[in-house]
Amino acid sequence: MREMPANQLNPRIKSVWRINDAIWIAVSFLCCFLPFAIIALVAPEEAWAGVVALIVAIVFAALLVLCVVVLPPIRYARWRYELTPDYLDIARGIFWRKRFVIPFIRVQNTDTRQGPILRAFGFRSIYCFSGALLMIRIIPFADFSADRRVSHRFRFRFHFHFHFGLCHFRHLYC
């Protein structure tokens, strides 16, 4: 088995993950909690609704602590990448560890995206697509020079191989 990739993400990515997870947990909490809270307030004789609302609140509080306090440092420690002349190597995952080795010759095109939270921190993500439109989110980059190197390398390899008839439109094997 290969060595773990050498590069880690910018440490500020933990804040992005925390904010993103907190938003999703808050929206999910409101969707699950509000119906039971409304039933408990409108019909006080329905005591089960208040109990369910309390259980939902406790579960979501525990989930919020887990996703905002406990998991980001562990997730950060497991997220690694390495850019070589021929491929991009990514290792990530906490419970289910995944290893992606993306050869540049297999990539059809790349896309960079930047949502409002990533934009606030100066980050962006790179997505790569194979010929069969298999999409993989690669890395949330904070270092724009690294982002440009990956995007440029994918684009250069695709351009070179396409124009010389060597491009293979197959699944991106990771």
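This report describes the fold, the cysteines and one arginine of a predicted model.

**Overall architecture**

The chain contains four helices and seven strands. Their order along the sequence is β-α-α-β-β-β-β-α-β-β-α. Of the 174 residues in the chain, 32% are buried. Contacts between residues at least 6 apart in sequence include 55% that join residues at least 24 apart. The chain has an accessible surface of about 10500 Å², and carbon and sulfur atoms account for 66% of that surface.

**Cysteines**

The number of disulfides in the model is zero. A disulfide requires two cysteine sulfur atoms within 2.5 Å. The closest cysteine sulfur to that of C31 belongs to C32 and lies 6.6 Å away, so the separation is too far for a bond. C32 likewise takes part in no disulfide, its nearest cysteine sulfur being that of C31. C31 is exposed, whereas C32 is partly exposed.

**Surroundings of R113**

R113 belongs to strand 5, which spans residues 109-113. This arginine is partly exposed. Its side chain forms a polar contact with the side chain of D111 at 3.0 Å. R113 and R124 are separated by eleven residues in sequence, and their C-alpha atoms are 5.7 Å apart in space.

**Accessibility of the residues discussed**

| Residue | Relative accessible area | Class |
|---|---|---|
| C31 | 55% | exposed |
| C32 | 32% | partly exposed |
| R113 | 34% | partly exposed |

Technical notes:
Residues numbered from 1 in each chain as written. Predicted model: local features only at pLDDT ≥ 70, side-chain atom pairs only at ≥ 80, totals over all residues. Heavy atoms only, no water. Buried < 20%, exposed > 50% of the residue type's maximum accessible area, 1.4 Å probe, protein only. Helix = DSSP H or I, 4+ residues; strand = E, 2+ residues; numbered from the N terminus. Polar contact = N/O pair within 3.5 Å; in protein donor to acceptor, adjacent residues only side chain to side chain. Contact = heavy atoms within 4.5 Å. Areas by Shrake-Rupley, 256 points an atom, 1.4 Å probe, with all protein chains shown as cover.
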